[in-house]
Amino acid sequence: MSVQTKTSSALEPVIRCESVYKIFGDNAEKMMKESGGVVDAEKFKEAGCIVGVNNASFEVYPGELLIIMGLSGSGKSTLLRCISKLTTASAGEIFVEGDDILKMSNKQLIELRRSKMGMVFQSFALLPHKTVLENIAFPLQVKGISTSESIKRAQEMIDLVSLTGRENYFPRDLSGGQQQRVGIARSLAIEPDIWFLDEPFSALDPLIRREMQDEFLRLQESLNKTILFVTHDFDEALRLADRIAIMKDGVIEQLDTPANIVLHPATEYVRKFTEQVPREKVLKIKAIMEPFVPGETLSELEVSGEDIIATVAEEVLNDDRPVAVVDENDKVIGILHRANVVSTLFGDNASVQP
Ligand SMILES: Nc1ncnc2c1ncn2[C@@H]1O[C@H](COP(=O)(O)OP(=O)(O)OP(=O)(O)O)[C@@H](O)[C@H]1O
């Protein structure tokens, strides 16, 4: 996953939000009409309304995994629901592949959801009287796909999420993690380009949760979907995200790469989340490497600039020669001294650039 290419301005965003608001309250709609398009969130609050999403503007690029992170009540689900149009934003514009979903007819919206969007929620929402295979095949049949074709595709999805052999189990016979995998397989079977996941792993115990995160990363590596993923767990966000949007009271406080958020928190609120985060777990080798000087004697060991420091630290520390840092084409782009790793692990690295 390369965020740099995904967020490059040459790419058209899959999702674009412009000043999106969602305001709850009896008077909200009337006040909004009277506002003449200039939304003052404070006025709504003074009138007793709840500002669920407050002036959210951002873009999501093809193949990007954007995580919306925040504590309970910060507006994450509301923002996700606005973009999937499960709820209608009070103001602003939301473009999906260039089309403003707030201007779409119901028919267009249903078609968009059916053809492009997949959703996975915390409650697995499986059909209890249908088997694993039937649960996954059913939505395909509703879409008009033939029984044999839907079973074939369901079986492929079962293999993809490593549930082979459990096709004929009922949901009650599966663990929470396995049930969630069925939910993911069911959602993937309809081949969405855009995937909305609202706290998909929060019902799972920590061990299974980590396994599911690994599996999810593996899937994303091969499927490369555009994903909006909601979580209140900062560690989960750091592990999975290309970029993270941190929300507080409906406002996106910062939207950036995990490394940038950890190294350069934009607000005091964001800084509090990052305080305990070991930098070596979010920074890549390319953030601490030094320029390559021809003629220098290097170790046989090579590391990728994209490697997270913690994953290669031990090997590098065990070698007393500088290690070559290579790009995806195996071209040397820098070198790494033991001292670079040591100062990240134990010393001040304020000058590190993500
Ligand atoms: N239908 C609604 N009517 C009134 N207020 C609502 C409604 N839905 C959400 N809210 C309020 O909007 C704010 C944001 O809620 P939201 O569910 O988006 O938060 P969240 O960050 O997803 O929280 P959680 O992690 O607990 O799910 C909260 O103050 C919530 O009470």
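How many bridges join strand β12 to β13, and in which sense do the two strands run? The legends below take up this and other close-up views of a predicted model.

**View 1. Pairing of β12 with β13.** Strand β12, residues 323-326, is joined to β13 by four bridges, and the two strands run antiparallel. Within this pairing, Ala 324 has Ile 335 of β13 as its bridge partner.

**View 2. The open sheet of three strands.** Strands β11, β12 and β13 form an open sheet in the order β11-β12-β13, with mixed pairing. Its edges are β11 (302-304) and β13 (332-336), each of which pairs on one side only. From one strand to the next, the twist averages 35 degrees.

View 3. The side chains of Lys 284 and Glu 306 meet in a salt bridge, with 2.9 Å from N to O. Lys 284 belongs to the loop between α12 (268-274) and β11, whereas Glu 306 belongs to the loop between β11 and α13 (309-317), so the pair ties together parts that are 22 residues apart in sequence. The structure holds 19 salt bridges, and the pair of Lys 284 and Glu 306 is one of these.

**View 4. The open sheet of six strands.** This sheet is also open, and its strand order is β6-β7-β8-β3-β9-β10, with mixed pairing. Strands β6 (117-121) and β10 (251-256) are the edge strands, and each pairs on one side only. Neighbouring strands of this sheet are turned against each other by 15 degrees on average, with direction ignored.

View 5. Strand β9, residues 243-248, pairs with β10 in the antiparallel sense over five bridges. Ile 244 stands opposite Asp 256 in β10.

View 6. In the domain assignment of the protein chain, domain 1 consists of 3-11, 63-86 and 105-279, and domain 2 of 280-346. The centres of domain 1 and domain 2, taken over C-alpha atoms, are separated by 33 Å. Eight residues of domain 1 are in contact with five residues of domain 2.

**View 7. The interface between domain 1 and domain 2.** Which residues of domain 1 lose the most area to domain 2? Domain 1 and domain 2 bury about 570 Å² between them, 68% of it on carbon and sulfur atoms. In domain 1, the residues that lose the most area to domain 2 are Ala 259, Pro 278 and Arg 279, which together make up 70% of what that side buries. Helix α11, residues 258-263, gives the most to the side of domain 1 that touches domain 2, with three residues. Between the two domains there are zero salt bridges, while five residue pairs are in polar contact, both residues at pLDDT 80 or more.

Technical notes:
Residues numbered from 1 in each chain as written. Heavy atoms only, no water. Pairing = 2+ DSSP bridges. Axes fitted to C-alpha atoms, helices over the stretch in contact; angles between N-to-C directions. Domains from an automatic or database assignment. Contact = heavy atoms within 4.5 Å. Buried area = accessible area lost by both parts, 1.4 Å probe. Salt bridge = Lys/Arg side-chain N within 4 Å of Asp/Glu carboxyl O. Polar contact = N/O pair within 3.5 Å; in protein donor to acceptor, adjacent residues only side chain to side chain.
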